[in-house]
Amino acid sequence: MTSTLNPALIEEFATLLSNEGIRDVSHWTLPNDDVPFDEEGALAEFRAQLDGAFAVTTAAIDTIVSNKTVVASEK
Amino acid sequence: MFDERDDLAGPLSEAEERARIARRCAYLYQAFEAYNSKLVATGLSSATMNKVLLLNAVESYFLDIQRLKAFHGMERADRFKIAGYFLKWLCKIRPIQVGPLGNLPPNLQKRGIVVNADFALIHALIVAKINQPNVEPRLVMSLLYSAHYRELDGGVMAVTMESLARAYPRAA
C-alpha cells in the first residue's frame with residue numbers, strides 16, 4: 001500500500017532546487033586563506049610557542065588552587 | 001598557516017590515508033614530548049602518551065573532518081577547525097595517562113587531573129595562532145574547565161578559537 005505524493009509539491013521543490021541562490025546557502029562555506037597543514041612546521045611552531053602557552057595554563061591552574069585555598073580558609 | 005586540503009576526502013588511497021594519520025600521530029606525539037618536558041620540570045614526572053589511544057583520537061579527528069567536508073561540500077578545513085576538532089578529540093579520548101597523584105602538591109595534582117585538557121588547549125591555542133599571554137586568565141580557566149568537563153563540539157570550539165585569534169592575534 002502506498003500514498004501518492006503530490007506532483008505539484010514535487011515540481012515546486014524541483015524548481016526551488018534549481019535556484020542557485022537558495023542552494024548557495026546549503027553549500028555555504030567560510031573563506032579559507034590557509035595553506036596546507038605541515039606537521040614539521042607545526043611541530044616547530046608548537047615548540048616555539050610552548051613556554052608562553054604553558055605559562056598561561058599554569059596561571060589558570062594556580063588560580064583554581066588558590067580559589068580552593070581561599071574557600072577552605074573561609075570555613 | 002594550516003588547512004586540511006583533501007584530507008581523507010576520497011582521492012587519497014588507503015596507503016595515503018594511513019600515511020597522513022601516521023604523520024599526524026608522530027607530530028602530536030612529539031608535541032607531547034615537548035609538553036611533557038615542561039611537566040617534568042614542574043615536578044609532574046609520570047605522564048605518558050598512550051600511542052594506541054592517540055591513534056584512536058587522530059583517526060577519529062580525520063573521520064570527523066571528512067564527515068564535515070562531505071556534509072558542507074567543503075574543500076578545506078582551516079586552522080580553527082584543526083584546532084577545534086583536535087581539542088574535541090583529544091579531550092574525548094584522553095590519550096595522556098598519569099601515575100598516582102595523591103602525594104603531590106595541589107597545583108601538580110590539578111595539572112595531572114586536567115592534563116589531557118591542558119595539552120589539548122595549549123595545542124589549540126598554538127595552532128589557532130592566538131597570542132596566549134594576552135588572553136585573560138579567567139577566560140583560560142573557563143576554557144580549561146570546558147575542555148575537562150563539558151561535551152565539546154568541534155565546530156563550536158573552532159569558532160571559539162577563531163574569536164580568540166581575532167581578539168588576541170599573534171604576530172606572524
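Trainee: What makes the confidence in chain A a pLDDT of 85?

Mentor: That's an average: pLDDT is the predictor's confidence in each residue, from 0 to 100, and chain A averages 85, with 88% of the residues scoring at least 70. This is a predicted model, where local features need pLDDT of at least 70, side-chain atom pairs count only at 80 or more, and totals for chains, interfaces and linings use all residues. Residues are numbered from 1 along each chain as its sequence is written, while chains are lettered from A and ligands numbered from 1 in the order in which they are written.

Trainee: Where in chain A is confidence lowest and highest?

Mentor: Lowest is helix α2 (residues 20-26) of chain A, at a mean of 81, and highest is helix α1 (residues 7-17) of chain A, at 92. Helices here are DSSP runs (H or I, at least four residues), numbered from the N terminus.

Trainee: Which residues of α6(B) are called buried?

Mentor: Val140(B), Leu143(B), Leu144(B) and Ala147(B). Buried means 20 or more other C-beta atoms within 10 Å of the residue's own, exposed means 12 or fewer, and C-beta atoms are placed from the backbone. The four cover an arc of only 100° around the axis, which puts them on the same side of α6(B).

Trainee: What does the face turned away from the buried side carry?

Mentor: That face of α6(B) carries the exposed residues Arg138(B), Ser142(B) and Tyr149(B).

Technical notes. Helices (H or I, at least four residues) and strands (E, at least two) are DSSP runs, numbered from the N terminus. The arc is that of the directions from the helix axis to the C-beta atoms.
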